[in-house]
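Dear colleague,

Please find below the structure that I promised to hand over. My notes on the strands, the helices and the pockets follow it.

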Amino acid sequence: MPHTLLVLAHPRPDSLTAQVAGQLRARIEEADGTIDLLDLYAEDFDPRLTPADEPDWEDREKRYSPEVHAHMDRVVAADDILVVFPVWWFAPPAVVKGWIDRVWNYGFAYGRSRPRLAGKRMLWLGLAGGPDADYAKAGLDSAMDVQLRVGVSEFCGIADASVHLLHDTELSGVPQALRPARVREVLTAAGAALESHLPR
């Protein structure tokens, strides 16, 4: 069965984002898949790029920091990469950008004639507070698709990649009595997104 690197990016373990990641992990394990849960906040990943991890355009064999090489090993080991994140300011949180900056680095994820990550599958699953019509009207859904699917996944050789947004996930305006039903709707939609792109 496929091995999945499940990347979670939310500071609260009781968040809706974390609930979605937990459900998807359970579904994958129920289908006899294996999971490596990379909780960027719980693991205290530092998103800041330092000189140790800055690309050296003249040396694609540069040795980066031990932390980064440990993350690279986790990426390489995965057949599927699933990134679950809240949409903040119409983009993933800074910790996700920092993970890409530091780990998906020159000489590893790109910069070779034969991409090391080719053949993997990738799903970016974002929880967006606003309705899909608003995102579509402003072109924000398309912008995120280009940024993540094209600018990261395809640029690094992962042709089988998609971006899926779960909309209306902000619960503060939902009456308390209706919130459990709304959470179930979001979890159902997340499961459908998983099955459509990363079928087990």
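**Strands at the core**

Strand β5 (residues 160-166) is largely enclosed by the rest of the structure, because 5 of its 7 residues are buried. Buried here means under 20% relative accessible area, exposed means over 50%, and partly exposed lies in between (1.4 Å probe, protein chains only). Strands (E, at least two residues) and helices (H or I, at least four) are DSSP runs, numbered from the N terminus.

Please note that this is a predicted model, in which local features need pLDDT of at least 70 and side-chain atom pairs count only at pLDDT 80 or more, while totals for chains, interfaces and linings use all residues. Residues are numbered from 1 along each chain as its sequence is written, and side-chain values use heavy atoms, with hydrogens and water left out.

Strand β5 pairs with β4 (residues 121-127) in the parallel sense over 7 bridges; two strands pair if DSSP finds at least two bridges between them. In this pairing, Arg121 stands opposite Asp160 of β5. On the subject of β4, 7 of its 7 residues are buried, so this strand is largely enclosed by the rest of the structure. Both of its faces are covered: Arg121, Leu123, Leu125 and Leu127 are buried on one side, and Met122, Trp124 and Gly126 on the other. Strand β4 also runs parallel to β3, to which 7 bridges join it. Here Val84 stands opposite Leu125 of β4.

The 14 residues of α5 should span 20 Å at 1.5 Å a residue, and its end C-alpha atoms are 18 Å apart, which agrees. The expected span of a helix is 1.5 Å times one less than its number of residues. Met144, Leu148, Val152 and Ser153 are the buried residues of α5. An α-helix has 3.6 residues a turn, so residues three or four places apart point the same way. The cover over the buried residues of α5 includes β3 (80-86), α3, β4 and β5.

Helix α6 has 19 residues and reaches 27 Å from its first C-alpha to its last, close to the 27 Å expected at 1.5 Å a residue. Its buried residues are Arg182, Val183, Val186, Leu187, Ala190, Gly191, Ala193, Leu194 and His197. Among the elements that cover them are α1, β3, β4 and β5. Glu195, also found in α6, counts as partly exposed at 34% relative accessibility. Glu195 and Leu24 are 171 residues apart in sequence, with their C-alpha atoms 9.8 Å apart in space.

**Two buried threonines**

Thr17 is found in helix α1 and is buried, with a relative accessible area of 3%. Leaving aside its neighbours within four places in sequence, Thr17 is in contact (heavy atoms within 4.5 Å) with Leu8, His10, Val84, Phe85, Pro86 and Leu127.

Thr169 lies in the loop between β5 and α6 and is buried at a relative accessible area of 10%. Beyond its neighbours within four places in sequence, Thr169 is in contact with Leu16, Leu127, Ala128, Gly129, Arg182 and Val186. Thr169 and Val20 are 149 residues apart in sequence and 11 Å apart in space, C-alpha to C-alpha.

**Pockets**

The search ran on a 1 Å grid over the protein atoms alone: a pocket is an open set of points where a 1.4 Å probe fits, with protein on both sides within 12 Å along at least five of seven lines, and lining residues have an atom within 4 Å of a point. Grid points are joined across faces, edges and corners, and a volume is the space filled by probe spheres set on the points.

The largest pocket holds about 320 Å³ of space. Its lining has 19 residues, of which Arg12, Leu16, Thr169, Glu170 and Leu171 lie nearest its centre. Helices α1 (16-30) and α6 (179-197) each supply at least two lining residues, and the largest share, 3 residues, comes from α1. By class, this lining has 8 nonpolar, 7 polar and 4 charged residues. Ala, Val, Leu, Ile, Met, Phe, Trp, Tyr, Cys and Pro count as nonpolar, Asp, Glu, Lys and Arg as charged, and the others, Gly among them, as polar.

The second largest pocket holds about 160 Å³. Its lining includes Leu49, Trp57, Asp101, Trp104 and Phe155, and α3 (94-103) and α5 (140-153) each supply at least two residues of it. The classes here are 9 nonpolar, 2 polar and 1 charged.

With kind regards
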